[in-house]
Amino acid sequence: MTEQENILSIEALTVALPAWADRPHAVESVSLTLGRNEILCVVGESGSGKSVMARSILGLTTSRHVRPSAGRILYSGEDLLQAMPERMRALRGSRIAMIFQEPMTALNPVLTIGKQIEEAIAVHLPASRDERRRKVLEMLAAVQLPDPARIHGAYPHQVSGGQRQRAMIAMALILEPDILIADEPTTALDVTTQAQVLALIRDMQRKRRMAVLFITHDFGVVAEIADRIAVMQHGKLVEHGPARSVLELPAHPYTQALLAAVPDLAPAPARHGFEGAPVALKVSGLQKAYRGKGIFRAASSHVVHAAKDVAIEIRRGETVGIVGESGSGKSTVARCIARLVEPDAGEIRVGDVDFGRLSHGALRRNRKRIQMVFQDPYGSLDPRQSVGSLIAEGPLIHGATAEASRQRALELLSLVGLDARSADRFPHEFSGGQRQRIGLARALALDPDVLIADEPVSALDVSVQAQVLRLLADIRERLGLSMLFITHDLRVAAQVCDSIAVMRHGEIIEFGRTEAVFNAPSHPYTQTLFAAVPGREWSLHRFAASNP
């Protein structure tokens with residue numbers, strides 16, 4: 001077989017869903033080919049069927065009720081849907097390997113990383129323990145992990161998220177498979193780590209001449225690595241072609257809508273009118289440190305400074321963003337400001353109230369002045385309460401009557417674009433984007449002076465993300481709301497924030513108006529952060545083409 005020939009052919013694949021599902025098929029009559037030495041990106045929103053299709057190749061569908069009901073999956077001419085379990089076990093890992101989205105759940109927490117990678121060799125190859133160890137150390141070095149011997153002996157929780165993902169890549173590549181399936185392998189990673197992992201996958205693919213099936217919903221990632229693109233919607237393949245054609249001249253309305261929803265990396269036009277407004281929030285000298293604890297000692301000498309002399313000022317109607325990678329301290333700062341975490345030092349003033357020094361009783365009475373929208377709306381909403389009671393709870397606690405609180409909840413549901421009749425439904429009956437709207441309505445129920453949004457759209461699909469961002473912008477304009485917006489997504493920050501603070505290791509290393517920071521970042525870390533955004537050149541080219 002030559003490089004130009006297809007190593008994998010999916011022919012009219014249909015995967016049935018159980019009778020109680022919202023549609024009959026997870027995947028419906030999908031046909032795709034994958035050639036040697038190419039990367040095919042399959043994109044689509046949650047529920048599009050892309051992951052079910054990918055898992056069907058290896059017989060890894062998550063339920064006995066979700067199974068292929070028609071079609072063929074041919075690997076070098078062999079129909080994998082007809083293969084016996086023993087044959088599939090022989091192919092998994094050795095000839096077709098998979099990288100999963102969340103390495104912490106895919107890795108065994110009670111085995112060292114080295115042992116888990118060696119296990120793949122032991123199952124498929126006759127090799128001594130020393131040979132296995134040598135091969136694993138070589139592969140750990142090949143995926144650019146620092147100190148391979150240390151990583152070999154470490155447990156998954158003892159390394160960073162990016163290192164765990166590299167270890168998963170090492171495990172997938174250790175037997176030099178023909179096909180690598182990567183299911184959202186960079187979704188949970190910071191922008192710089194994401195860039196490194198994408199470059200690594202591309203580099204290893206070229207060196208080993210592998211075929212890569214890359215599942216993602218991030219068009220920045222697609223622009224960075226794809227040779228071809230397949231777009232899926234509701235289980236069907238709606239568009240398919242060379243990456244450049246699909247990105248620049250999408251033919252299907254769904255693809256056009258997805259691309260239109262991707263936030264531009266170029267900053268939105270600067271807003272004005274709040275410069276002379278009263279200060280809604282002023283933070284100065286904010287400090288918070290965490291000290292490590294052990295089983296036999298009360299505290300270790302290891303100290304992590306999550307916030308070091310942080311200073312922030314937000315005027316009424318202004319949105320200030322804090323950007324940075326995981327561990328930079330941005331969420332700790334947000335929680336300290338809201339007094340969900342007690343700061344070690346510093347001043348927090350909300351209007352004329354010294355919020356940071358309020359006693360617990362006074363804090364309870366003043367909680368309504370700062371409200372928070374959390375990253376995971378499902379985890380922050382009580383599943384046993386109806387949506388109406390969740391939104392009305394705050395006003396009730398602060399003295400409003402039951403009738404007034406209920407009426408306020410109905411008004412807010414309308415404000416965030418939900419039907420008032422949904423007040424009697426429960427959180428699990430809504431989509432992720434709808435739950436985030438409910439979380440926003442609950443935060444607004446107390447008419448806060450400051451709204452803190454902590455990664456409010458990071459878990460959402462691109463089109464739902466665009467809807468929530470438009471809603472936040474609309475509410476900000478209508479209510480004159482002051483916002484502290486926490487994110488690691490620079491595209492989102494560019495469209496939402498009036499000013500940007502860049503955090504690293506607990507410190508704000510750069511601060512300024514959004515257009516100034518994005519167009520001319522002064523700190524080397526900020527420059528590195530912006531340069532690492534996947535699909536950066538595509539984003540800027542797209543913006544330039546639409547704004548001649």
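**Before you start**

This is a predicted model, so local features need pLDDT of at least 70 and side-chain atom pairs count only at pLDDT 80 or more, while totals for chains, interfaces and linings use all residues. Residues are numbered from 1 along each chain as its sequence is written, and side-chain values use heavy atoms, with hydrogens and water left out.

**Stop 1: an open sheet**

Select residues 25-35, which form strand S2, and residues 78-79, which form strand S5. Helices (H or I, at least four residues) and strands (E, at least two) are DSSP runs, numbered from the N terminus. S2 and S5 are the edge strands, each pairing on one side only. Between them the order reads S2-S1-S4-S5, an open sheet of four strands with antiparallel pairing. Two strands pair if DSSP finds at least two bridges between them.

Which residue is the bridge partner of Tyr75 in S5? It is Glu78.

Next, colour residues 50-57, helix H1. H1 packs on the sheet and touches strand S1 (6-16), S2 and S4; contact means heavy atoms within 4.5 Å. The direction of H1 makes about 120 degrees with that of S1. Such axes are lines fitted to C-alpha atoms, for helices over the stretch in contact, and angles run from 0 to 180 degrees between N-to-C directions.

**Stop 2**

Move on to strand S7, residues 179-183. Are its residues buried or exposed? Five of its five residues are buried, where buried means under 20% relative accessible area, exposed over 50% and partly exposed in between (1.4 Å probe, protein chains only). Ile179, Ile181 and Asp183 lie on one side of S7, and Leu180 and Ala182 on the other.

Show the neighbouring strands too. S7 pairs in the parallel sense with strand S6 (residues 96-99) over four bridges, and Ile99 stands opposite Ala182. S7 also pairs in the parallel sense with strand S8 (residues 211-216), over five bridges. There, Leu180 stands opposite Val212.

**Stop 3: charged partners**

Side chains of opposite charge can pair when their charged atoms come close. A salt bridge is a side-chain nitrogen of Lys or Arg within 4 Å of a carboxyl oxygen of Asp or Glu. How many salt bridges does this rule count? The count comes to 34.

Select Arg36 and Asp178, whose side chains meet in a salt bridge at 3.9 Å, N to O. Arg36 lies in the loop between S2 and strand S3 (39-43), and Asp178 in the loop between helix H7 (161-173) and S7, so the pair ties together parts that are 142 residues apart in sequence. Arg36 is partly exposed at 24% relative accessibility, whereas Asp178 is buried at 19%.

Then go to helix H10 (residues 243-248), where Arg244 and Glu248 lie four residues apart, about one turn of the helix. The closest N and O atoms of this salt bridge are 3.4 Å apart. Arg244 is exposed, at 64% relative accessibility, and Glu248 is partly exposed, at 42%.

Now pick Arg542 and Asp264, a salt bridge with its closest N and O atoms 3.3 Å apart. Arg542 lies in helix H22 (residues 536-546) and Asp264 in the loop between helix H11 (253-261) and strand S11 (279-291), so the pair ties together parts that are 278 residues apart in sequence. Asp264 is partly exposed, with a relative accessible area of 21%. For a network, select Arg271, Arg476, Glu477 and Asp498, which are joined by salt bridges that share partners.

**Stop 4: an arginine without a salt bridge**

Select Arg491 in helix H19 (residues 490-496). Arg491 is buried yet has no salt bridge, and the nearest side chain of opposite charge, Asp489, is 5.0 Å away. Lys and Arg count as positive and Asp and Glu as negative; His and the chain ends are not counted. Beyond neighbours within four places in sequence, the contacts of Arg491 include Asp264, Val533 and Ser539.

**Stop 5: a pair of rings**

Finish with Phe518 and Phe530, whose ring centres are 4.6 Å apart and whose planes are at 35 degrees, so the pair is tilted. Rings of Phe, Tyr and Trp (its six-membered ring) pair if their centres lie within 6.5 Å; planes under 30 degrees apart count as stacked, over 60 as edge-to-face and the rest as tilted. A search of the whole structure finds one aromatic pair. Phe518 is buried at 10% relative accessible area, and Phe530 is buried at 6%.
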